[in-house]
Amino acid sequence: MLKAVHFGAGNIGRGFIGYLLYKSGYEITFVDISKELVESINTYKRYNVIILKDNVEKEEVKNIKAIHIEDEKKLSKAIVDADIITTSVGANNLKGIGEKLINYIKIRKANIDKPLNIMACENALFATNILKNSILEKGDKDFIDYVNQKIGFPNTAVDRIVPNVDIKKELPIDVAVEDFYEWDIEKKAIIGDLNIKGAELVDDLEPYIERKLFLLNGAHATTAYLGYLKGYKYIHEAIEDDFIRNIVSGMQEEASLALSKKHNIKKDVLSQYASKVIKRFKNSYLKDEVVRVGREPTRKLAGNDRLIMPAKFCYEIGVMPKFILYGIAAGFLFDYKEDPKACEIQDDIRNLGLEKTISKVTGLEENSGLLQEIVKKYKELKEAFGKR
Ligand SMILES: NC(=O)C1=CN([C@@H]2O[C@H](COP(=O)(O)OP(=O)(O)OC[C@H]3O[C@@H](n4cnc5c(N)ncnc54)[C@H](O)[C@@H]3O)[C@@H](O)[C@H]2O)C=CC1
Ligand SMILES: O=P(O)(O)OC[C@H]1O[C@](O)(CO)[C@@H](O)[C@@H]1O
């Protein structure tokens, strides 16, 4: 039986990656930093994936186990035996995972010859490269040669909304998901076969991953930040607000313009994708909170992420990203007290001033045109919605 080790047994880990790997015949070992979660998985050895739609469906994922990230003995054996390693731990944690993997890969090198593929399944551009680089960074030539020959590092784009919805569950580790999913994998980087049913192997991942990050995640963040500003709790409520929906559709159109130019994708293909995304946001069964979708604004407002990147692309082709600016500016107004990264931005605005904070988070020059437009929109939204 094919063996998978998946780091991060959270929402997407159980609700999407674990789900699809199980359906493809893999035996799954989850690895997590949370002792409680590891204990729960080892107690129940199975969980249900609850698909939220008109007629709710349930699918079981069975024969699973879990290892705590610090349990070196068990982890070493699992990694030596693995055919595939995947992660969904949050892009900021990838470097640490990569550094941990080095020793286990060395043990694998001394013990087994079969190929391995390692894939990061995170909302970030080319996240697997972060893992790969952290593994190769400290290796000598012999280790690097081995890794290059025996380990594939395909980048991926993963798409399934897995919220923290509070519904009746049979087991505490059951997870609720939307019906839709898409997993695009960089074909040329695979070594051997992956055997993942339902995943799409693509020649050029960049258009897929940028389309997903800008048109889904960028639109989602825009809905979340404007929704928060207007006092909505859930995404499905915020997207029914005409003011917010028009802005979200507008930002998708701007991003689509940039995407169609950059990747030569037909505009109507992008427009169909964008409409489907809005429909998914309207799914009221998901009860997806704006504060989950807006979480960690420092990451979402970074220069290489879902909002600033399409805004820069628009700017470069002479299109004013007037709708994308709303999401960015509202992100700087996201003052949710339970989100440490939102608090960090608010503290910086108080201590460093608005321009310096925007520059620190986005990497834009303080005197750049785009940064000045963000400042204008921030002031406009602050005035209109009376925040702070
Ligand atoms: N929830 C969703 O709908 C989607 C999430 N993603 C991406 O998947 C990643 C995870 O997101 P969620 O599953 O929503 O978050 P989550 O918080 O539900 O799950 C993350 C899991 O990783 C574990 N973890 C964190 N650091 C770790 C470490 N160093 N070693 C081992 N385990 C560690 C946590 O304990 C947690 O169980 C993020 O990068 C997110 O952008 C991508 C697509 C959809
Ligand atoms: O996981 P992140 O990057 O914090 O952002 C949440 C995003 O991820 C998703 O959960 C799935 O892509 C979306 O629902 C949302 O746009």
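# A walk through a predicted 388-residue protein

Of the 388 residues of this protein, 57% count as buried. Buried means under 20% relative accessible area, exposed means over 50%, and partly exposed is in between, with a 1.4 Å probe and protein chains only.

Some ground rules before we go on. This is a predicted model, where local features need pLDDT of at least 70, side-chain atom pairs count only at pLDDT 80 or more, and totals for chains, interfaces and linings use all residues. Residues are numbered from 1 along each chain as its sequence is written, chains are lettered from A and ligands numbered from 1 in the order in which they are written, and side-chain values use heavy atoms, with hydrogens and water left out.

Let's start with the whole protein. How many helices and strands does the protein have? There are 17 helices and 12 strands. Those are DSSP runs, numbered from the N terminus: H or I of at least four residues for helices, E of at least two for strands. The radius of gyration is 21 Å, close to the 21 Å that the globule rule gives for 388 residues, so the protein is as compact as a globular protein of that length. That radius is taken over C-alpha atoms, and the rule is 2.2 Å times the number of residues to the power 0.38. Along the principal axes, the C-alpha trace spans about 65 × 50 × 45 Å.

Next, contacts. Contact means heavy atoms within 4.5 Å. Take the contacts with a separation of 6 or more: 74% of them are between residues 24 or more positions apart.

Now surface and charge. The accessible surface comes to about 17,000 Å², and 47% of that belongs to carbon and sulfur atoms. Areas come from the Shrake-Rupley method with a 1.4 Å probe; for residues, only the protein chains shown count as cover. There are 61 positive and 59 negative side chains, and the centres of the two sets lie 1 Å apart. Lys and Arg count as positive, Asp and Glu as negative; His and the chain ends are not counted. Each charge is placed at NZ of Lys, CZ of Arg, CG of Asp or CD of Glu.

On to the annotated spans. An unreviewed UniProt entry annotates residues 3–197 as "domain: Mannitol dehydrogenase N-terminal". That span is 36% helix and 25% strand, with its end C-alpha atoms 15 Å apart. For residues 204–381, the unreviewed UniProt annotation reads "domain: Mannitol dehydrogenase C-terminal". Here the chain is 71% helix and 0% strand, and the end C-alpha atoms are 39 Å apart. UniProt positions are in the numbering used here, feature names are shortened, and annotations may be inferred rather than shown by experiment.

Is T87 buried or exposed? At 0% relative accessibility, T87 counts as buried. Setting aside residues up to four places away in sequence, T87 touches H6, F7, L94, I97, M119, A120, C121, E122 and L131.

One of those, L131, is also among the buried residues of helix α5, residues 127–136. What covers them includes β6, α4 (94–111), β7 (116–120), α6 (141–150) and β9 (156–159).

Then V175, in strand β10, residues 175–177. V175 is buried, at 3% relative accessibility. Beyond four places in sequence, V175 touches N11, R14, G15, Y47, N48, V49, I50 and V162.

Over to helix α7, residues 205–229, which holds F214. F214 is buried, with a relative accessible area of 1%. Its contacts, leaving aside neighbours within four places, include M251, A255, L259, M309 and F313. F214 and A311 are 97 residues apart in sequence, yet 9.7 Å apart C-alpha to C-alpha.

How many residues of helix α14 (324–332) are buried? The count is 9 of 9. Among them are Y326, G327, G331 and F332.

Last, two loop residues. N195 sits between β11 (182–186) and β12 (199–202). Its phi is positive, about 55 degrees, although N195 is not a glycine. N195 is partly exposed, with a relative accessible area of 45%. N264 is in the loop between α9 (242–263) and α10 (267–281). Phi of N264 is near 55 degrees, again positive in a residue other than glycine. N264 is exposed, at 70% relative accessible area.
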